Amino acid sequence: MPTTTASAVCTTVGNNILLRLTSGERDVKLKALRELKNQIIGNRTKKLSFLKLGAVPAVAGILSDAVSAVDVADNDENDRIVKDIIVQSAAVLGSFACGFEAGVRAVLDAGADILIQRGCLVEEMPLLKSYMEVVDAGARSLKMIYQSKMAPKYDFLQEENMEFLLSLLNNESENVSGLGASIISHSCKTSLEQKLLFDAGVLKRLTSLLGGSLIQRDASLESIATIFKNNPEVVSQFVGPDTGRTLSCIIEIVKDRFARTRLLASLCLIVIRNASPCYLQDVGIKTKLINNLLELLDDPGRVGDEASFAFSSLIAEKEDMQKLAFEVNGVDKLYNHLQKGSLHPRRFEGILLALADMCSKLECCRSRCLSLQVLKLVVDALAHDSSDVRSAACMCLRSVSRSIKFIQNLSAGSFMNETIVIPLVRLLDDTSTAVQVAALGAISNIVVDFTTRRSTFIRLGGVKLLVQLSKSMDSTIRLNALRALRNLIFLAEDKCKEEIFMELTASLLASLICDPEPSVQEQALALVRNLVDGRINSVEYIFAEDGIILDAVGRQLRIASKAEIEIQGMYVLGNVATGKESHKEAVMDQLLLRAENKAQSCIIKFLQSNDSRLRTAAVWAVLNLTCSSSPGSSGRLVKLHDAGIVSHVKNMVNDPCLDVKLRVKTALEQFNSFDDSLASTSCLQFLTVRAVGELSHVVDPSSKEEESIANYFRFSMKKNKKKKSTRTVKFCFDVPADSL
Amino acid sequence: MSKKVITREEWEKKLNDVKIRKEDMNKLVMNFLVTEGYVDAAEKFRMESGTEPDIDLATITDRMAVKKAVQCGNVEDAIEKVNDLNPEILDTNPQLFFHLQQQRLIELIRNGKVEEALEFAQEELAPRGEENQSFLEELERTVALLAFEDVSNCPVGDLLDISQRLKTASEVNAAILTSQSHEKDPKLPSLLKMLLWAQNQLDEKAAYPRINDLATATLEDPAI
């Protein structure tokens, strides 16, 4: 059957309807409207073809005429037809706007939303029972429009708009109150708007709607969640007897028979919970929410897809929730869903992200994932069609690879090395920036090992790619590429370091240290810190190309205002100061160079800093510069003394931070040893023991887990027993949340 | 394994001790009548028992008109009625809409209007398949009807059964109920299922007077 005939028929019928729409007779118009409505409802193809024939402006015009012709006082037969015309044209416009973007656009362009609002929902109408049809039709259509992403922004700040909204919410009709709730759910975005709505007292009405019909309940739950989302101020004002009632009402609804309602109620509670530390904190409600969401995963439709995202928002960054979820076999349940195969991309993405969150902090979760062989499925997902899925897979990998078992390669076996590295390297070239960033995050962790993963990565040309990405226009990509390089270079062998440095070049490093983005500067400095760690010749790198890197470091230290940058910079200088005499002198030069308008060396500012990490780093540098075994130390000590640095260190003898205190004690012993003219070899012993391997983690740097991993690396480094002086190295184990 | 034996006398005594409220039973009956759409019966029952229906009886009439139209094969009419009742239903229920269109095609074929059926399949059903891949299989089955001379005896002949109409009618009914925030299934069948399940569970542990015929609900003595 040739298609042209079919579409020709369609067009004929279409044109016929449109022709009759223009008729002067109301009967004919009404009939045509009904026909049009019945043609397009549910039928996307017809919507498109009628759209092209210009149906939307035509119907909008009819609506406009009919509205002007309505006389609310009259109620005769003529008026009956006019009302019908309004109802049918509103229904047609609403249908065009239903889940059909081109339709929404056309409807908005024709100004139909305003027309419908003015035409169907004017003040007098809702009062007259005979106009309920009109009101309902108008409310339904507007709701369709407001559910679209292209919906006009509702201006809550205008008083008359707020009044209109309240009148909608207070209306008895399900459709009308539903419209009000829909407007809130889709248009309320800023915290100011949230506050306005809260202050206007909408919550009271929304709470009463919770006891209404299913539709009212669902709409109300969405609106309540919208008002509280990420707004601790509004939540904190949510006190008094009403709160308890609303909360317990929602908690009851979590057990509702309809899956979608259960999901919406859970989301609502999660929003409130996340915005305020005082509500919903008892173990009972926590467990209830976790179990509810894990169960909702079983739903085969949209509800199941979204349940995993809700689960993520419940447990993200919260160790206690992750622990609870683990205890009810959360990991296993998520894995079971993952195994089902041919998942809808949204569902796939959600489950991967949920697993990523589960494994973000707890070793037990990661361990369980490894024993369940989750990584096999995750690695497959790295090649998925959907960029969101690829991204989620990278994040999952990043979380699981924090596991000590993964680092030690205990549970995986050699398959893990090639099969993981190859697809990740491919993703560095991905069309989506988000995927590239996520892949960089995973790579940063993957290369932290002493086995073949690192060398496989390099062999596959990973270094070239990373260096290329470190030159990206996008600062997030530069940042993450540098982080990966920093980890790659950590404790790397000389040959490896050389390769990386050749690719990077001194000039690139120097320019990255002076990058416009402070976070990029920080990573660049950390990279240099790791670069110059190790054997004495590593320090030479910083002097390449006439010492531009060292100059850049010094310059940044003098002008920087962010603690993290200052810390890294100080550690770089501290590390360089463990080198030869010429290295130490170069550091001295940098330190004693003063910034413009500054009376003293920047190191004094650091020694006085409130940040103990910075004080520690500064004292290390002083320690290394005045190390007793070096011939030039006494001369340097004099210069430091003249610059007022020594007296500052002496003043820190009772520093509140133990790390600082101990370093200061050592430093003072060192200073005194010059007076004694005794080479204090015992002092030296003390200095060599502590090679600080520091882990940077997403949250608390002093978490127990990092300690154990840091110790693991310390012991591995012990083989380098002939370290003459202290080196501090820092490698970044992860991607801090704020950079993504 | 020896099971506990419960005599009829003992059983009936236990049953008598269980108290059921009349209001609850009335509500169950009303719920059944309303969900299934027996308007007149519901109205009469309300008058005679004083039980209030949980849904506006007026909406039942509309819903029943739709259901009846489908059951009689007047699908176009049914679609119009649904759209008058609530234009959102078919716009937000692609599967239901597809099944209604499918039923229309079946009716055209049943009435021997082959030309019209072909045209309809081309114009209305094919786009559904394009819009949504999951409908393709069913679409193929339905269009296959057009390929056979003797439709009632072909492999897809079951589509012409009245049962297919009832299936579609039931789907529409459920969708309308859901849109009205009403549960689409009456409670009574669930109760009966529960009864059968409970009996099956008890069978493993005891011999007791069973209800084997749900329609009569008579107790049949345990086989000893």
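Local features need pLDDT of at least 70 and side-chain atom pairs count only at pLDDT 80 or more, whereas totals for chains, interfaces and linings use all residues. Residues are numbered from 1 along each chain as its sequence is written, chains are lettered from A in the order in which they are written, and side-chain values use heavy atoms, with hydrogens and water left out.

Chain A gives 30 residues and chain B gives 23 residues to the contact, where contact means heavy atoms within 4.5 Å. The buried area is about 2200 Å², with 50% from carbon and sulfur atoms; this is the accessible area (1.4 Å probe) that the two parts lose on being put together, summed over both. Eight salt bridges are counted between chain A and chain B, each a side-chain nitrogen of Lys or Arg within 4 Å of a carboxyl oxygen of Asp or Glu. One of them joins Glu124(B) to Lys46(A) at 2.5 Å, N to O.

On the side of chain A that touches chain B, 12 residues are nonpolar, nine polar and nine charged; here Ala, Val, Leu, Ile, Met, Phe, Trp, Tyr, Cys and Pro count as nonpolar, Asp, Glu, Lys and Arg as charged, and the others, Gly among them, as polar.

Chain A averages a pLDDT (the predictor's confidence in each residue, from 0 to 100) of 84, and 86% of the residues score at least 70.

Where pLDDT is low, predicted coordinates should not be read in detail.
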